[in-house]
Amino acid sequence: MVRIGELSRRVGVSDHVLRAWETRYGLLTPERSPGGFRLYSEGDEHRIRRMQFHLARGLSAAEAARTAIAEPQAVAASTSVTPRSDGSVRWDLQELARSLQRAFDDFDEGAAQTVLDRLLSDFTLTTALRDVVVPYLHQLGERWGRGEISIAQEHFASNVIRGRLAALARGWGEGRGPRAVVACPPDELHDLPLLIFGIVLNRNGWRVDYFGASTPIDELVRAIGRSRPELVVVAATTTDRFTAILDELALLAAVAPLALAGAGANQHMADGIGARLLSGDPVTAAQHQGQGW
């Protein structure tokens, strides 16, 4: 039996969201300690992981909770990770990562979807994205830059992953949490890391308005005038995407809390326009932002 903070760490879901799942859907059935603290069991953890799995397959939160509760405990246990004598859970992730790369290199969508299904079923969403999907996308870009794969392979893999991420983003603008507006600046087309950032931020209780690739800054200014977000994130892979619009970004920072993200952002640039810098991979950056609110 563990308290909610430890449960949150294990499953990669904020305690705010876990409490909402408990009160709205009856997903968790805690017991009380002698001191009055809620304590959660292994069964609660299994139901959370199954709910994450069904959310990843496109079910609504209410549907995912009902399905997870209705499943026999044996079903949940069958998809939990079993440590191996010759390695750890990390080794299993490495196997999945290699299988995913082979499937995409061979244009085998069925095999790639099977790997993604297992990844999202056996591991937390945070682990799946941070330890497999984000590194794969980084390597994909590097391999294309070195000429090791064709543009067709790069597009094929990106579009399959985009489809799965889009399912995870379903309904992420709803709720009562703080609101974030996320976008890429003009001419920036690589928006998958930003999509991942938004998904993880949403799992930490935020509502997300996603504008995606190549968004004019004046359009962002008009949009935030209506939605009044607590955070605006602009992300780019190269510095020149930011330097071309520094004056516009400074105006944006004057009307909303602005953060710069991606490989193209740096602290000097953020300081110069009155913005914050979100550093690290998109999953870690989203977790820090979500937990720090």
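Me: In this predicted model, what makes helix H2 roughly perpendicular to helix H3?
Reply: The axes of H2 (residues 15-25) and H3 (residues 42-56) cross at roughly 90° and come within 12 Å. Angles of 65 to 115 degrees count as roughly perpendicular, and therefore H2 is called roughly perpendicular to H3.

Me: How do you know which residues of H2 meet H3?
Reply: Contact means heavy atoms within 4.5 Å. On the H2 side these residues are Leu 18, Trp 21 and Tyr 25, and they meet Ile 48, Met 51 and Leu 55 in H3.

Me: How many residues of that contact are nonpolar, polar or charged?
Reply: Six are nonpolar, none is polar and none is charged. Tyr and Trp count as nonpolar here.

Me: Why are strands S3 and S4 said to pair?
Reply: Two strands pair if DSSP finds at least two bridges between them. S3 (residues 179-183) and S4 (residues 207-212) are joined by five bridges and run parallel, so they meet that definition. Val 181 has Asp 209 in S4 as its bridge partner.

Me: What is the order of the strands in the open sheet?
Reply: Its five strands follow the order S4-S3-S5-S6-S7, with parallel pairing.

Me: What makes S4 and S7 the edge strands?
Reply: Each of them, S4 and S7 (276-278), pairs on one side only. Across this sheet, neighbouring strands are turned by 25° against each other on average, direction ignored.

Me: How do you know that S5 pairs with both S3 and S6?
Reply: The cut-off is at least two bridges. Four bridges join S5 to S3, and four join S5 to S6; both pairs run parallel. Val 232 in S5 stands opposite Val 181, and Leu 258 in S6 is also a bridge partner of Val 232.

Me: What makes S6 and S7 a pair?
Reply: S6 (residues 258-261) and S7 have three bridges in the parallel sense, against a requirement of at least two. Leu 260 stands opposite Leu 277 in S7.

Me: Why is S5 called mostly covered?
Reply: Buried means under 20% relative accessible area, and five of the five residues of S5 are buried. Leu 231, Val 233 and Ala 235 point one way, while Val 232 and Val 234 point the other way.

Conventions: Residues are numbered from 1 along each chain as its sequence is written. This is a predicted model: local features need pLDDT of at least 70, side-chain atom pairs count only at pLDDT 80 or more; totals for chains, interfaces and linings use all residues. Side-chain values use heavy atoms; hydrogens and water are left out. Axes are lines fitted to C-alpha atoms, for helices over the stretch in contact, and angles run from 0 to 180 degrees between N-to-C directions. Helices (H or I, at least four residues) and strands (E, at least two) are DSSP runs, numbered from the N terminus. Angles under 35 degrees count as roughly parallel, over 145 as roughly antiparallel, 65 to 115 as roughly perpendicular and the rest as oblique. Buried means under 20% relative accessible area, exposed over 50%, partly exposed in between (1.4 Å probe, protein chains only).
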